[in-house]
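Okay, everyone, thanks for coming.

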Amino acid sequence: MIVSIMNDFDKKIREVTGTYLKTSSIEIIQVNVGTPCDNRCVHCHIQAGPDRTEIMDSRTVHLVLRAARNAKPKLIDITGGAPEPTPLRLHKNRKKRRP
Ligand code: SF4
């Protein structure tokens with residue numbers, strides 16, 4: 001099953017090319033699970049920090065896991081903010097990188 005969520009970029013690509021962006025394989029899926037983090041690094045691309053509270057909801061976690069099962073990437077990079085403070089414990093489901 002392919003989960004399709006068209007954003008403005010997707011719509012523009014479709015408008016210009018008449019089709020969607022496609023790939024033959026996906027090597028890495030990076031998942032940003034939320035913004036809470038014990039640090040507040042100036043280079044953080046999501047401005048995570050101790051005062052941030054946005055967390056991926058469980059429905060989205062399940063959609064991500066389903067997409068990952070379908071895509072079969074070599075690596076799922078789970079990050080945040082820091083994944084540890086999230087109540088979803090997505091990081092506890094992690095498996096070692098396949099050889
Ligand atoms: S998520 Fe990473 S880069 Fe961002 S504040 Fe936390 S440790 Fe720093």
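I'll go through the confidence, then the fold, then the ligand site.

First, the ground rules. This is a predicted model, so local features need pLDDT of at least 70, side-chain atom pairs count only at pLDDT 80 or more, and totals for chains, interfaces and linings use all residues. Residues are numbered from 1 along each chain as its sequence is written.

Now confidence. pLDDT, the predictor's confidence in each residue on a scale from 0 to 100, averages 82 over the protein chain, and 78% of the residues score at least 70.

On to the fold. There are 2 helices and 2 strands in the protein chain, running α-β-α-β from the N terminus. These are DSSP runs numbered from the N terminus: helices are H or I with at least four residues, strands are E with at least two.

Strand S1, residues 28–32, pairs with strand S2, residues 75–79, in the parallel sense over 5 bridges; pairing takes at least two DSSP bridges between the strands. Ile28 has Leu75 in S2 as its bridge partner. Between the strands, the chain goes through helix H2, residues 58–71, and this β-α-β crossover is right-handed. That is, with the strands pointing away from the viewer, the path from the first strand over the helix to the second runs clockwise.

So where does that leave H1, residues 8–17? Largely in the open, because 0 of its 10 residues are buried. Buried here needs 20 or more other C-beta atoms within 10 Å of the residue's own, with C-beta atoms placed from the backbone. Across the 99 residues of the protein chain, 9% are buried.

Last, the ligand. Which residues are around the ligand? Cys37, Asn39, Arg40, Cys41, Cys44, Ala48, Gly49, Gly80, Gly81 and Ala82, counting a residue if its C-beta atom, placed from the backbone, lies within 6 Å. By class, that shell has 5 nonpolar, 4 polar and 1 charged residues, with Cys and Ala counted as nonpolar, Arg as charged, and Gly as polar.

That's my tour; over to you.

How values were computed. Buried ≥ 20, exposed ≤ 12 C-beta atoms within 10 Å, placed from the backbone.
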